Amino acid sequence: MLDPLALGDQVRADHRSEFQAALNAGTLDLRGRPGRHYVHIPPRPRLTSTLIMPDGCSIIGDGVDVTTIVFYCDPMGVDWAGIRVGNDWRITGVSLEVEEPGGDWDEQSHVLEVVGPVTKGEMSYCSIDHPLVPGSSRGDCIRFRGYSPSQTIWDQVCHHVDFRRSARSGVSIHSGLYGELLADGHSSTRFHHCKFTNIADQDLDCEGSGDIVGIECDHNEHLAGGNPQTSLSVSLASPLFSP
């Protein structure tokens with residue numbers, strides 16, 4: 001009998017339970033497991049987030065051209081996040097994709113969501129693809145949402161990430177994101193050496209209720225895609241900005 005996990009794309013086998021168990025144990029390590037690994041969005045009623053990273057958790061792959069986590073199925077018209085993180089999270093060496101041309105989506109559908117209170121996090125050497133689908137309202141690649149004084153977000157770093165497509169923003173900073181100046185002269189919350197390829201809204205958007213202090217954006221590449229909904233690449237509130 002064929003192993004459905006080995007068939008990959010042919011049957012879009014659901015790895016959600018397996019992956020969540022690995023995350024609960026501390027690490028989802030996909031090194032040595034090349035290919036596209038499907039994670040199905042459960043039907044309602046369900047949790048908002050399909051995968052949840054507990055504190056201190058990591059997702060590790062062999063690189064964006066080797067290891068892909070694909071979110072699939074219909075969020076059924078309610079808010080959704082592919083991954084929601086806890087404190088001290090780390091994602092590296094994977095491609096995160098949304099593959100679902102149909103379904104009932106809203107603009108609060110994000111591939112990765114950081115909701116305060118959260119301290120420490122890093123995404124590196126990854127790619128994110130959340131394509132615009134005509135007639136469908138969809139969300140951001142990454143969304144940060146925190147509220148002062150008790151639900152703030154600190155020390156988040158995103159570097160060498162390729163934001164390939166987004167129906168809304170590449171990085172959406174809604175509120176409550178903070179950074180502080182480190183000894184190396186950089187902020188503890190920094191977005192650097194990233195590439196924004198085909199983002200419908202702002203590549204990096206400091207929108208929402210504000211309360212955004214001390215973030216740094218530098219050495220990023222901003223390209224004009226084929227589905228522009230704005231003339232802005234970066235929308236600033238009051239962060240520290242380095243060219």
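**Salt bridges, core and local backbone features**

At a relative accessibility of 26%, Arg36 counts as partly exposed. In this predicted model, Arg36 forms a salt bridge with Glu97, and the closest N and O atoms of the two residues are 3.1 Å apart. Because Arg36 lies in strand S2 and Glu97 in strand S8 (residues 95–98), the pair ties together parts that are 61 residues apart in sequence. Glu97 is buried, its relative accessible area being 13%.

The search of the whole structure returned 11 salt bridges. Side chains of opposite charge can pair when their charged atoms come close. Another of these pairs consists of Asp218 and Arg190, with a distance of 2.7 Å between the closest N and O atoms. This pair also links distant parts of the chain, since Asp218 is placed in strand S17 (residues 216–218) and Arg190 in strand S14 (residues 190–192), 28 residues apart. Asp218 is buried at a relative accessible area of 2%, and Arg190 counts as buried at 12%. Through salt bridges that share partners, Arg12, Arg36, Glu97 and Glu99 are joined into one network. A further salt bridge brings together the side chains of Arg31 and Asp29, at 2.7 Å from N to O. Arg31 is partly exposed, with a relative accessible area of 46%, and Asp29 is partly exposed as well, with a value of 33%.

The largest nonpolar core contains 48 residues. In soluble globular proteins, nonpolar side chains tend to be buried together. The residues with the most contacts inside this core are Ile83, Ile91, Met123, Phe163, Ile173 and Phe191. When residues up to four places away in sequence are left out, Ile83 touches Leu51, Met53, Ile59, Phe71, Ile91, Leu96, Val111, Leu112 and Glu113.

Helix H2 has a buried side and an exposed side. Phe19, Gln20 and Leu23 are the buried residues named for H2. They cover an arc of only 100° around the axis and therefore lie on the same side of H2. Ser17, Asn24 and Ala25, on the other side of H2, are exposed. The packing partners of the buried residues of H2 are strand S1 (27–29), S2, S3, strand S4 (58–60) and strand S5 (67–72). After H2 comes Gly26, which has a positive phi near 120°. His15 is buried, at 5% relative accessible area, and its side chain makes a polar contact of 3.0 Å with the side chain of Glu18.

Lys120, in strand S10, has a phi of about 70°. Lys120 is partly exposed, with a relative accessible area of 47%. Asp155, in strand S12 (residues 153–166), has a positive phi of about 60°. Asp155 counts as buried, at 17% relative accessibility.

For a disulfide, two cysteine sulfur atoms must be within 2.5 Å. By this rule the structure has zero disulfides. The cysteine sulfur nearest to that of Cys126 belongs to Cys158 and is 8.1 Å away, and Cys126 is in no disulfide. Cys141 is likewise in no disulfide, the nearest cysteine sulfur, again that of Cys158, being 9.8 Å away. Cys126 is buried, with a relative accessible area of 2%, and Cys141 is buried with a value of 0%.

Terms used
Residues are numbered from 1 along each chain as its sequence is written. This is a predicted model: local features need pLDDT of at least 70, side-chain atom pairs count only at pLDDT 80 or more; totals for chains, interfaces and linings use all residues. Side-chain values use heavy atoms; hydrogens and water are left out. Buried means under 20% relative accessible area, exposed over 50%, partly exposed in between (1.4 Å probe, protein chains only). A polar contact is a pair of N or O atoms within 3.5 Å; within protein, one must be able to donate a hydrogen and the other to accept it, and residues adjacent in sequence count only if both atoms are side-chain atoms. Helices (H or I, at least four residues) and strands (E, at least two) are DSSP runs, numbered from the N terminus. The arc is that of the directions from the helix axis to the C-beta atoms. Contact means heavy atoms within 4.5 Å. A nonpolar core is a set of buried Ala, Val, Leu, Ile, Met, Phe, Trp, Tyr and Cys residues joined through side-chain atoms within 4.5 Å. A salt bridge is a side-chain nitrogen of Lys or Arg within 4 Å of a carboxyl oxygen of Asp or Glu.
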